Amino acid sequence: MNLDQAITNTRAHLLSLRNERGHWEGELSSSALSTATAMGALSLVDAEKHRGRIATGTQWLVENQNADGGWGDTTISQSNLSTTLLCWSALHLVSSGGDRYRSDGKFTDAADRVPAVSLHHAATWIAARVGSLEPEKIVNAVVARYGKDKTFSVPILMHCAICGTLGDDADAWRRVLALPFELAALPRAWFGAVGLPVVSYALPALIAIGHARFHHAPPPKWSPLFWLRRFLWEHISPMLHQLQPSSGGYLEATPLTSFVTMALACAGEKFHPCVPVAVEFLERSQREDGSWAIDTNLATWGTTLAVKALGDERSPVMQWLLGQQYQTVHPFTNAAPGGWAWTDLPGGVPDADDTAGALIALRTLDGRRLAGIPYTRAITWLLDLQNRDGGIPTFCRGWGTLPFDRSAPELTAHALLAWWLWHDEMPRDLQQRIRYATDHALIYLAKTQRADGSWVPLWFGNEHAKGEENPVYGTAQVLAYLAGCGAIAEKAKPLIQAGARYLLAAQKADGSWGGDATAPSSIEETGVALHALIQSGASFQFAPPLRWLLTATKEGTHFPTAPIGLYFARLWYHERLYPVVWTLQALASAQRVAEPRERSVSEDAHLPQ
C-alpha cells in the first residue's frame, strides 16, 4: 500500500468536493428528528397546502424506521427515545388527519401512507423503554434524559401534546413544563445572571413555546404570573421576528425553526410575521427524498477543516473566509464583531470553535504573515470569551450552567492554538493578554483532564461509547492543538504526555480507534487519533493505524461516514467532509515524519519520541 498515492487520491477527492465558488459546503446527514418536527410544523400551519411535503416526509420516516421499531437521528444511528417519540407523534398526527388545530376537518393524503404496523412498532419500542405509554411515564423519561436543561425536553413534550400522544389537550398541555418567556423582556446582558432554563441559542424556543404553553394551560387568573405574561406577550412577541435571520431559519436549524413555528401555530399565531418566512425556510430545506437535515450546512467549519488538512492550498477561499467574519453586534447573542459562525448563511451565530478554526486556516493561507484588523479583532473576540474558570465556551461568556454554554476542553485548546499562531503579529497589549489567558486556559485543561489522561468534548460523541461520550475524539483534538505550537507544547508537556498515553491505551488491536476502547472503529476517530499522536511526538508504531486507514478508505477513494457529530441538544449527525479531512490530515502527518524509504508502509514503521 502506497502512502503517497493514498494522499494524492485523498487530496483529489477533497478538492473535488469544493463548490463552484471555491469553498466547501459539505453535506449533513438526513435526520428523522428534523423530518418529524418539520412535518408537525407544516401540518399545523396548513396541512392541506403542504400535503405533498408531509406525504413524502411520512414515506421517508416509514422507510427509515429501524428494525427494532424506533428511529435514530441518522439512518445509521441506533434508536433513541427523543427521536422515536417525535417520529411516533408526527405519524400519529398525520394518521389522525394531519392538523388537530383546524376547524374544517380536512385530511391529507399522507394519512393513507402511515402503516398501522409502523405506529405499533414505534409504540412498542417506547413502551419497552419508558415502561408504558402513560403520559406521565413519557414525561418523566424525557425530563430524566435532559435533567435541568429544558432546551430540548420541553419542545419534545410540546410536540407530543400537539400530536395527541400526551393525553387529552387540557391535560397534555399541563404536562408540558412551563417556560418563563417573560424573562426575554429583560436586558440581554442579564441572561447569564438570571439562569435561564434553556441554553443561549434557544431564546426563540423559550419565547414561542413558553407562550404556547401559557395559551393552552395558563396559571390561574388570581396569579400575578397570569397577568404579567399576558401583558408582556405583546412586547416580547416582536422579538421572534427580530431574532429571525433573513433566511427564515433560526440558526439555519430545522428543529428549532419547526418548534417555534408549531408553537405559534397551535397558539393561534399562524399569522405572526415570523411564520411565513419560517415556512419558506422549511419548504426550501426539504430534500428530494422527503427528509430534512438538522441544519442547512456547516460551510465555514467544513472549509476551515479542509484548508487545515490541505495545508497551503491556494484558492479564492481566503477572501471568502475573511468575508464570513461578523462586522457588527450579532442580534441573537449580542456577540461583539470579530467572530465566525459555522455557516455562511444568515442564521449562523459566531462561536469559539469556528473563530479559532478560521484564524488557524487564515494563518495557513496568508502567505504574507501580516496581522491586520480582522485578525486583531478576532483574537480579541476569543480572549473576551474566556470564562472565569479559564475555559472557552461556545457562544457566550458567563452562562456556564447548561451543557452547550459551559467551557469545553477542545474549544479551549483550539483557542490556545489560534492565539499563539498569531501571537507574534499582535500588538504588545494583546500579546500580554494571550500569555495571561494561556496560563488560565492550561489550568482549566489540567482540571478537566481525567485521571486516565482523556478529555471529553462538547460537540462530538459516540452512541456506542460509555455515556455516549467520545474521549478519543476529545483527547485527540486537545492533544493536536496543544502540540501544534511549540510555545504551548512546552508548557503543556505533562498534559500532552498523559493524553497520548490514553490514546494508545484506547487503540484497538488492529491499530484503529473508536469513540473509546470498546466502541466500533471509524475513519474519523482513527484519523484524528493518529494525527494527534504524530503531532505530539509520542513513540508508537504508526504502521497499523496507517494500514487500517488505507484499507478502510480504499487508499483514499472511499469515505463512509460515522455519526459522531453532536448538534444542539445532543442531536447526532454525520458529515461527508469529516472522514476525508481527518484522513488527509493523518496521512499527511505520517508522510512528513516518515523516511522516504518508508513511504510504502512497512510493518516496523514507527515514530521516534
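A cavity is a set of grid points where a 1.4 Å probe fits but cannot get out, and its volume is the space filled by probe spheres set on those points. In this predicted model, the largest cavity holds about 230 Å³ of space. By class, the lining of the largest cavity comprises 11 nonpolar, 1 polar and 3 charged residues. Over the whole structure, the search finds 6 cavities of 30 Å³ or more.

The largest pocket has a volume of about 510 Å³. It is lined by 23 residues, of which K308, I360, H531, Q535 and Q585 are the closest to its centre. Two or more lining residues come from each of α14 (299–310), α16 (352–365), α18 (409–421), α20 (471–482), α23 (523–536) and α25 (577–593). The lining of the largest pocket divides into 11 nonpolar, 8 polar and 4 charged residues.

The aromatic side chains form 14 pairs. Two of them are set out below.

| Aromatic pair | Geometry | Centre to centre | Angle between planes |
|---|---|---|---|
| F152 and F259 | edge-to-face | 5.9 Å | 70° |
| F226 and W227 | edge-to-face | 4.9 Å | 85° |

The pair of F152 and F259 links distant parts of the chain: F152 belongs to helix α7 (residues 150–163) and F259 to helix α12 (residues 254–266), 107 residues apart. F152 counts as buried because its relative accessibility is 4%, under the cut-off of 20%. F259 is likewise buried, at 2% relative accessibility.

In the other pair, F226 is buried, with a relative accessible area of 7%. W227, by contrast, counts as partly exposed because its relative accessibility is 45%, and that class lies between 20% and 50%. Both residues belong to one aromatic cluster, formed by F181, F214, F226, W227 and W233.

A contact between a charged side chain and a ring is also present: R363 lies over the face of W422, at 4.8 Å from the ring centre.

Notes
Residues are numbered from 1 along each chain as its sequence is written. This is a predicted model: local features need pLDDT of at least 70, side-chain atom pairs count only at pLDDT 80 or more; totals for chains, interfaces and linings use all residues. Side-chain values use heavy atoms; hydrogens and water are left out. On a 1 Å grid over the protein atoms alone, a cavity is a set of points where a 1.4 Å probe fits but cannot get out, and a pocket is an open set with protein on both sides within 12 Å along at least five of seven lines; lining residues have an atom within 4 Å of a point. Helices (H or I, at least four residues) and strands (E, at least two) are DSSP runs, numbered from the N terminus. Ala, Val, Leu, Ile, Met, Phe, Trp, Tyr, Cys and Pro count as nonpolar, Asp, Glu, Lys and Arg as charged, and the others, Gly among them, as polar. Rings of Phe, Tyr and Trp (its six-membered ring) pair if their centres lie within 6.5 Å; planes under 30 degrees apart count as stacked, over 60 as edge-to-face and the rest as tilted. Buried means under 20% relative accessible area, exposed over 50%, partly exposed in between (1.4 Å probe, protein chains only). A charge sits over a ring if NZ of Lys or CZ of Arg is within 6 Å of the ring centre and within 35 degrees of the ring normal.
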